[in-house]
Amino acid sequence: MSRDPLVVGNVVGDVLDPFVKSANLRVVYNNKELINGSELKPSTIANEPRVEIRGRHDMRTLYTLVMVDPDAPSPSTPSKREYLHWLVTDIPETTNASYGNEIVTYESPRPISGIHRFVFVLFRQSVRQTIYAPGWRQNFSSRDFAAVYNLGDPVAAMFFNCQRENGCGGRRCYQPVNGWM
């Protein structure tokens, strides 16, 4: 049984096919580095993160970054699966996403019900090319996007979990009153 957080968290399967990691992806929100599978609050992720890429150590190598929510609008009924939160292309290796071409602006995750997974997927570009913004954010498909633009398999991916600021993941939540349950 795999201990890979992407497999355990069903990111591989729901969003991605199995792939071989060949680049390092570092995601930092408010000076705190993201750890695969960690839980973040909406207030922590209100602003776009700093995303750093390390791979072959060649600034001529370019990357495309996609951020999606496979659990939109709720994990039990993900009818808007792979809601697109961010799309940046032409990111030079050894730099960060701010040096890329932002195709779809960062939309802060604001889950309403349940615990949502937010997935960053990194693709290595074989060439610099024009990539168009999709006409909508809901029902984006990372697999289809990669196929249309000949991006191949991902080279890195990370994810975090998030729920409403005071949420309890859609399960019944008991709040202690004056220290009593």
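Visitor: What does the accessible surface of the protein chain come to?

Guide: Keep in mind that we're looking at a predicted model. Carbon and sulfur atoms hold 50% of the accessible surface of the protein chain.

Visitor: Which strands are the edge strands of the open sheet of 6 strands?

Guide: That open sheet has mixed pairing, and its order is S3-S9-S8-S5-S6-S7. An edge strand here pairs on one side only. That leaves us with strand S3 (38–39) and strand S7 (101–104).

Visitor: Which residue in S9 is the bridge partner of Ser38?

Guide: S3 and strand S9, which covers residues 156–162, run parallel and are joined by 2 bridges. For Ser38, the partner in S9 is Phe160.

Visitor: Is Ser142 buried or exposed?

Guide: You'll find Ser142 in helix H3, residues 142–148. Leaving aside neighbours within four places in sequence, Ser142 is in contact with several residues, including Val15, Val66 and Phe123. Buried means under 20% relative accessible area. Ser142 has 1% relative accessibility, so it counts as buried.

Visitor: Which side chain does the side chain of Ser142 join in a polar contact of 2.6 Å?

Guide: Among the residues in contact with Ser142 are Val68, Val121 and Glu82. The polar contact of 2.6 Å links the side chain of Ser142 with that of Glu82.

Notes:
Residues are numbered from 1 along each chain as its sequence is written. This is a predicted model: local features need pLDDT of at least 70, side-chain atom pairs count only at pLDDT 80 or more; totals for chains, interfaces and linings use all residues. Side-chain values use heavy atoms; hydrogens and water are left out. Two strands pair if DSSP finds at least two bridges between them. Helices (H or I, at least four residues) and strands (E, at least two) are DSSP runs, numbered from the N terminus. Buried means under 20% relative accessible area, exposed over 50%, partly exposed in between (1.4 Å probe, protein chains only). A polar contact is a pair of N or O atoms within 3.5 Å; within protein, one must be able to donate a hydrogen and the other to accept it, and residues adjacent in sequence count only if both atoms are side-chain atoms. Contact means heavy atoms within 4.5 Å. Accessible areas come from the Shrake-Rupley method with a 1.4 Å probe; for residues, only the protein chains shown count as cover.
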